[in-house]
Amino acid sequence: MTNLKITRTTLSDGRELIYFDQPGTPDRTAPDERGLPRVETDSWMRRDPLTGEWAIYAAHRQNRTFLPPANEDPLAPTLPGQKPSEIPEANYQVVVFENRFPSLSMHQSVAVDYDPRVDGEDLFERAPALARCEVVCFTPDADGSFKDLPLERKRALIDVWAHRTAEFSAIDEVKAVFPFENRGEEIGVTLHHPHGQIYSYPFVPPRTAAIAQRAGEHREAHGTELFDDIIGAEQRAATRVIEDSEHFCVFTPAAAKWPLEVMVMAKRAVPDFAALTEKEKDDLARICHKLFAAVDHFFEGVDRTPYIAAWNQAPVDTPADGRFHLQLFSLMRSPNRMKFLAGSESGMGAWINDTTPETIAATIKEHYA
């Protein structure tokens, strides 16, 4: 791991905050003077008996902060004479802290003899949603973007994701770790300030579980790794490959669901950020530096393409059943027009795309430099 300076502190309500800085940065000593009440959440989950999937219930999030005015930006550094924010220091490089309104949390009291059933029915399983959610702030500039970060900051952020993935994975309850970034009100962001998040789950979420199942079935049927075979097939076709670097293959999947979708998949059997080598991290930072810039040129007349950057990692307990990859996609289908998940997508989970993967890849390649 790059030699980042790591400073741990605690906010006034008991949540942990961690500064990640370049060596030589002055010590971080500013206290949180807001006097917030102690954090106590109530997150539960229930399993759908029809699909076997877990749904999370976090009623305390109903009144969370929503698109506050600029002078109340909770992710801005705390400057003299201004309202204190979540970040006590007057400046920062990368900061990670526990979400104030988490979907899943370790800050909750759970009775040892809680009823694992809903309404006493064995068919309806329930359990406390014990895990950890964090906010990742990578720029003090409220008008900035991940794309605009210098290459060095992107590289440092990859180290931060690796650090947090390793610590999350060590929590007994955690079965999967998911770093991601939502950008754009069209996506549903509740804070204008650019930031990412990390969710951990006490179960393996549906996409991760489906990938793991397919990988196992492919291995049993063919004796090869699904991820290697996907990369090989994309390389041979070459029609959707955007870059084929030493450590990663950048491509639009042959069965892309979204109007804009790009995948960055590790060529080595790497389960997560924490398992990347220094050279792989360097390569990944370079790719991200080009890819996110290209995404902002995808739609004519759109300067800030709304997107979700979903960093897929293998299940914590079965690392061989996953492969580290980025799925970067947008719900925008044409300039300033969004794709709504209507009947087929929302009701049946059957996607209909209004473009082709080959067209998506060709458009990205026009601006990928």
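This is a predicted model: local features need pLDDT of at least 70, side-chain atom pairs count only at pLDDT 80 or more; totals for chains, interfaces and linings use all residues.
Local features require pLDDT of at least 70 and side-chain atom pairs pLDDT 80 or more, while totals for chains, interfaces and linings use all residues. Residues are numbered from 1 along each chain as its sequence is written, and side-chain values use heavy atoms, without hydrogens or water.

An unreviewed UniProt entry places the feature "active site" at His-195. Such annotations may be inferred rather than shown by experiment. His-195 sits in the loop between β9 (176–183) and β10 (196–201); strands are DSSP runs (E, at least two residues). His-195 counts as buried because its relative accessibility is 10% (buried: under 20% relative accessible area, 1.4 Å probe, protein chains only). Beyond neighbours within four places in sequence, His-195 contacts Leu-75, Val-135, Val-136, Phe-138, Glu-181 and Asn-182 (contact: heavy atoms within 4.5 Å). A polar side-chain atom of His-195 lies 2.7 Å from the backbone oxygen of His-193.

The largest nonpolar core holds 70 residues. A nonpolar core is a set of buried Ala, Val, Leu, Ile, Met, Phe, Trp, Tyr and Cys residues joined through side-chain atoms within 4.5 Å. Leu-284 and Leu-291 touch the most other members. Helix α4 (residues 278–295) gives the most to this core, with eight residues; helices are DSSP runs (H or I, at least four residues). Domain 1 (5–203) and domain 2 (207–367) both contribute, so the core lies between them. The domain bounds come from an automatic or database assignment.

Leu-291 touches Val-262, Val-264, Leu-326, Leu-328, Ile-364 and Tyr-368, leaving out residues up to four places away in sequence. Another core, of 11 residues, lies apart; its members include Leu-17, Leu-75, Ile-87 and Val-95.

Technical notes: Buried means under 20% relative accessible area, exposed over 50%, partly exposed in between (1.4 Å probe, protein chains only). A polar contact is a pair of N or O atoms within 3.5 Å; within protein, one must be able to donate a hydrogen and the other to accept it, and residues adjacent in sequence count only if both atoms are side-chain atoms.
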